[in-house]
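Please keep the sequence and the three-dimensional view at hand while reading.

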Amino acid sequence: MSILDEIVFIPSPLPVLSPLAKEQDHCLNVRFSRPGDNCFLDLPTPWVMCGLTPDIAQPNWNTLCQQLRQSGVPIDCTSAAISNLPVNSIPKRIFRTDIEQPLSLSGAGGATLIELTCRSAWRGAWGWPPEIVELGLLDDWLLSVRSALGDFAPLGLGLPPNTARSTLHRIASLDVDWIAIHTDEKVSLESIVLWLVLFRQILSDAGRPELPIMVRNRNTTPEHLLKLLALGASLVSVDHLLEPRRTATNEQSGIHPRINRPESADGAIIRTVQSLNRQLTHLLVATNSQRPNELVSKLRATSEAAARIARIPLLGD
Amino acid sequence: MESEKESAASFDLWDVTDLTSIQITQGLKQSVDNRRVKLTGLSPKLAGIGSGANNSIEVLVDGDIGPFAWMLSQNQSVEVTGRAGIGCGHSLVSGSILIRGDGDHYLGVYAVGGLIAVHGKGGDFVGYGLSGADVVVRSRCGVGVGARMSSGLLVIGNGVASQLGAGMTGGTIFVRGPIGGTAEGVRPVKMGESDSLRLGLLLARAGLKAKTSEFQVFRPDR
């Protein structure tokens, strides 16, 4: 049983979808904005796709992208991956670049979100860029990168879940528009929850309670995704729920060993996203909340360990 | 490159005292092509001057420039009469940057094209991750020169400290003067005719006079 299984919502959502759960009455969108700036970007839902590439999705890449576009779900991919798509199939895109390599305008152009992942493209290790010889240069570096890339898309930093508390405090004061936490199967859910809750508290103390946090998580259930949103995530990756079923060709060639997912044809991805939206809206209605970030007050832990890590009351207290 | 005296009369003078980096860079970006701009009153604390600029203009900076100047810029011809801050020409795409004073650490880091020339000395890790640009430093540089470079030409006119070419996978480093130590996997090679020609052209473009025969040539082991 994982930590997220030891966290429950109160009151417990009804087992059937409430007829009052209309998506348009509740705000599922995620807003990116900057203090003192009237401009903002709204993503319609908190779902993102982070790991899918054309070679994994083939021959369904075009269909997948078209449905992601219709659903408003952004995907982390290169500009080359979508360069041959028809215009009505081009989804919102996350441009991600590691450190220790040249910046690229062609990669960032047209992106909806830009992420600077603090991981060396060369060494595969997490850290600040080597040209940041002292942390005092971080602000200068970010300002320069923002200017260099055109300041058209919200700029974020990608971090690992074991980022030190002192570093998180420093990051909370930086001029970034969002943060991504990178996880994989080796990272425990406890670590993810611990990091998420801690960073959200640090951001709140720093006067930035609304700064979006993306959790690039591994395979988790829809219920766990909702709990991550309640615990402070603004966006969560749903690759494992949306990826198309592997084709026979892919299986034979062993291109990508993933578990099966719904077929991508005939709007299945759109229906899956709509189902996730309904589940989230249903939860908001049941707990009398307007937005996902209000759900944290509706959480209770069934174990002391979960209560301590998630910083929520024990059930029954 | 023209000398400052010859071209000063034809520059538009911008006094940028009290302006922010964003304001100055926006002004540069919005200048029409072929314009010549002279910046005065520029604070060396301002970072990212010229970052992302891609119009064909000439810029003369009277004084020093701050960190990460002309990051990811293209087509600009820049001359700085003073010093450059850390990371000058970061990810430079094309154009030229001439620093008449000293450079700093990570000069030309990840630069993919264009030319960066320094008439003074450089710092540590000059040309770190160089990816196709040319970097010339007339005087001495510190440690890690050419570390992680993959292509391009790096020329140092008066010696380097240790770790020359650490992690280098391509490109060529020319060094005149004392060498504190080369990294593993980097070897001196005989100066060929094409090397001599390229070095000579590069020195001429950078406005430096030196005999190519005085330089040692370094490349990564294959």
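In this predicted model, Arg187(B) stands opposite Arg219(B), which lies in strand S11 of chain B. The two strands concerned, S10(B) and S11(B) (residues 216-220), pair in the antiparallel sense over 4 bridges. They belong to an open sheet of 11 strands with mixed pairing.

**Sheet architecture**

- The strand order across the sheet of chain B is S1-S2-S3-S4-S5-S6-S7-S8-S9-S11-S10.
- Strand S1 (12-15) and strand S10 (186-189) of chain B form the edges, each pairing on one side only.
- On average, neighbouring strands of this sheet are turned by 15 degrees against each other, with direction ignored.

**Helices packed on the sheet**

- Helix H2(B), residues 21-29, packs on the sheet and touches S1, S2 (36-40) and S3 (58-61) of chain B.
- The direction of H2(B) makes about 165 degrees with that of S1(B).
- Helix H3(B), residues 193-205, also packs on the sheet, where it touches S6, S7, S8 (151-156), S9 (172-175) and S11 of chain B.
- Between the direction of H3(B) and that of S8(B) the angle is about 70 degrees.

**Strand S6 and its neighbours**

- Strand S6(B), residues 115-118, is covered on both faces: Leu115(B) and Ala117(B) are buried on one side, and Ile116(B) and Val118(B) are buried on the other.
- Strand S5(B), residues 95-99, runs parallel to S6(B) and is joined to it by 4 bridges.
- S6(B) is likewise joined by 4 bridges to strand S7(B), residues 131-137, and these two strands run parallel.
- Ile116(B) in S6(B) has Ile97(B) standing opposite, and its bridge partner in S7(B) is Val135(B).

**The chain as a whole**

- Chain B contains 3 helices and 11 strands.
- Chain B is as compact as a globular protein of its length, because its radius of gyration of 17 Å is close to the 17 Å that the globule rule gives for 222 residues.
- Taken along the principal axes, the box filled by the C-alpha atoms of chain B is roughly 50 × 30 × 25 Å.

**Burial, contacts and surface**

- Of the 222 residues in chain B, 55% count as buried.
- Among contacts in chain B with a separation of 6 or more, 26% are between residues 24 or more positions apart.
- The accessible surface of chain B is about 8,600 Å², and carbon and sulfur atoms account for 48% of this surface.

How values were computed: Residues numbered from 1 in each chain as written. Chains lettered and ligands numbered in written order. Predicted model: local features only at pLDDT ≥ 70, side-chain atom pairs only at ≥ 80, totals over all residues. Heavy atoms only, no water. Buried < 20%, exposed > 50% of the residue type's maximum accessible area, 1.4 Å probe, protein only. Pairing = 2+ DSSP bridges. Axes fitted to C-alpha atoms, helices over the stretch in contact; angles between N-to-C directions. Contact = heavy atoms within 4.5 Å. Rg over C-alpha atoms; globule rule 2.2 N^0.38 Å. Areas by Shrake-Rupley, 256 points an atom, 1.4 Å probe, with all protein chains shown as cover.
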